[in-house]
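Subject: Structure handover

Hi,

Here is the structure we talked about. Please open it next to this email and follow along.

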Amino acid sequence: MSQMPVPACPSPAPPTGPTAPPVRPRHRSGRATGPAAPPAGAGTLRPGDGGAEVRALQERLQGQGFTYVSVTGLYDDRTRRGAARLQSDRGITGDPEGVYGPATRAAFG
């Protein structure tokens with residue numbers, strides 16, 4: 001018996017376009033240069049979260065006068081308190097108290 005060659009299946013084309021959000025320039029120390037707003041459409045931030053988005057939120061809260069918020073990159077109780085106070089001061093509803101979700105992001109941004 002002879003074997004017939006199996007036709008090759010075309011492989012799918014790789015995705016095109018940007019695959020990652022733009023990166024902010026960094027200082028030689030590795031820190032991002034200047035405060036920035038958390039990216040629009042980014043996820044919800046809540047106690048226990050950490051990273052650059054939390055740090056940016058903390059910087060913005062401090063810039064609005066919430067001086068008790070420390071810029072640590074960790075969504076701690078002070079950050080929760082600052083977000084809750086911001087929600088209260090601006091009459092923001094739609095997110096749980098102290099959680100930086102879509103409603104708070106839209107009103108703050």
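There are two salt bridges in the structure. Please keep in mind that this is a predicted model.

Why do R80 and D77 sit about one helical turn apart? Because they are three residues apart in helix α2. R80 is partly exposed, with 25% relative accessibility.

The other bridge pairs D89 with R85. Here the closest N and O atoms are 3.0 Å apart. D89 and R85 are also both in helix α2, four residues apart, which is about one turn of the helix. D89 is partly exposed at 47% relative accessibility. R85 is partly exposed too, at 45%.

Now the core. The largest nonpolar core has twelve residues. They are L45, V54, L57, L61, F66, V69, Y75, A83, L86, I92, Y100 and F108. The most comes from α1, with three residues. As background, nonpolar side chains tend to be buried together in soluble globular proteins.

Take A83 as one core member. Beyond residues up to four places away in sequence, A83 touches L61, Y75 and G98.

Start with T104. It is in helix α3, residues 102-108. Is T104 buried or exposed? T104 has 0% relative accessibility, so it counts as buried. Setting aside residues up to four places away in sequence, T104 touches L86, Q87, I92, D95 and V99. Among these, L86 and I92 belong to the largest nonpolar core.

Then T72. Where is T72 placed? It is in the loop between α1 (52-63) and α2 (77-90). T72 has a relative accessible area of 40%, so it counts as partly exposed. Its side chain has a polar atom 3.1 Å from the backbone nitrogen of L74. Leaving out neighbours within four places in sequence, T72 is in contact with R55 and Q58. T72 is also 8.8 Å from G51, C-alpha to C-alpha, with the two 21 residues apart in sequence.

To recap the threonines: T104 is buried, whereas T72 is partly exposed.

Best wishes

Notes:
Residues numbered from 1 in each chain as written. Predicted model: local features only at pLDDT ≥ 70, side-chain atom pairs only at ≥ 80, totals over all residues. Heavy atoms only, no water. Helix = DSSP H or I, 4+ residues; strand = E, 2+ residues; numbered from the N terminus. Buried < 20%, exposed > 50% of the residue type's maximum accessible area, 1.4 Å probe, protein only. Contact = heavy atoms within 4.5 Å. Polar contact = N/O pair within 3.5 Å; in protein donor to acceptor, adjacent residues only side chain to side chain. Core = buried A, V, L, I, M, F, W, Y, C linked by side-chain atoms within 4.5 Å. Salt bridge = Lys/Arg side-chain N within 4 Å of Asp/Glu carboxyl O.
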